[in-house]
Amino acid sequence: RIEVFSGASAIYGGGSSGGIINIITKKGADAGELSGETWFGVSSGGNSSEDLAYQVAQSVSMKNDKMDARLAISYDQTGASYDSNGDMVLQDPTQTTSQYVSQIDIMATAGFNLSNTKRVDLMAQYYNSAQDSDYGIDYGSNYAYYYSEDDIEMVDGYNLDDQASTERLMATAEYNDND
């Protein structure tokens, strides 16, 4: 779940004057045994194999009196987006795009009950999102399409050595003592 606290807080001081966003991840399963979830999805607009998108995800979790743990892995692959006329939607060159993007997200959490009042929670995440597209925007010679009524369009053959991507590795450790 996600909690949003507006304004400054005593815990985080003036540096949080705009507020705090607290993201609470899933814990291990309630049962005393190993459990898991599997998710698979495929979508297509039927324009061509270019618009095929899919996601596959798996999680495994466990919980007992002393600890809980969860491992989740998700992989997404998107294709092109098309408008109602069957034309490829322009990719956004200023913010990148969600077209032709592959994402992998691996997250592991573990919580340890040290006593009735003491607990340690650990979390680690690896996330990678990268675009791999052979399409680019054709603005015309000397950006002529910007100043005319001709349509700016996507063209095949675009080639960049380094396309847009994000890679993140995050780890947290938290200790609580309620006494």
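Trainee: If buried means under 20% relative accessible area and exposed means over 50%, where does Ala57 fall, buried or exposed?

Mentor: In this model, which is a predicted one, Ala57 has a relative accessible area of 18%, which is under the 20% cut-off, and therefore Ala57 counts as buried.

Trainee: And which strand does Ala57 lie in?

Mentor: Ala57 belongs to strand S4, which covers residues 53-63.

Trainee: Which residues does Ala57 touch, leaving out those up to four places away in sequence?

Mentor: With those sequence neighbours set aside, Ala57 is in contact with Glu37, Thr38 and Trp39, and also with Ile73 and Ser74.

Trainee: What about Gly41, how many Å separate its C-alpha atom from that of Ala57?

Mentor: The two C-alpha atoms are 9.1 Å apart, while Ala57 and Gly41 are 16 residues apart along the chain.

Trainee: Zooming out, what is the strand order in the open sheet?

Mentor: The open sheet has six strands in the order S3-S4-S5-S6-S7-S10, and the pairing is antiparallel. Strand S3 (35-43) and strand S10 (165-177) are the edge strands, since each of them pairs on one side only. If direction is ignored, neighbouring strands of this sheet are turned by 5° against each other on average.

Trainee: What holds paired strands together in general?

Mentor: Strands of a sheet pair through backbone hydrogen bonds, and the pairing can be either parallel or antiparallel.

Trainee: How many bridges do S5 and S6 share?

Mentor: S5 and strand S6 (residues 101-113) pair in the antiparallel sense over eleven bridges, and within that pairing Met67 stands opposite Phe112 in S6.

Trainee: Which side chain does the side chain of Asp68 make a polar contact with?

Mentor: The partner is the side chain of Arg119, and the polar contact has a distance of 2.7 Å.

Definitions and conventions: Residues numbered from 1 in each chain as written. Predicted model: local features only at pLDDT ≥ 70, side-chain atom pairs only at ≥ 80, totals over all residues. Heavy atoms only, no water. Pairing = 2+ DSSP bridges. Helix = DSSP H or I, 4+ residues; strand = E, 2+ residues; numbered from the N terminus. Axes fitted to C-alpha atoms, helices over the stretch in contact; angles between N-to-C directions. Polar contact = N/O pair within 3.5 Å; in protein donor to acceptor, adjacent residues only side chain to side chain. Buried < 20%, exposed > 50% of the residue type's maximum accessible area, 1.4 Å probe, protein only. Contact = heavy atoms within 4.5 Å.
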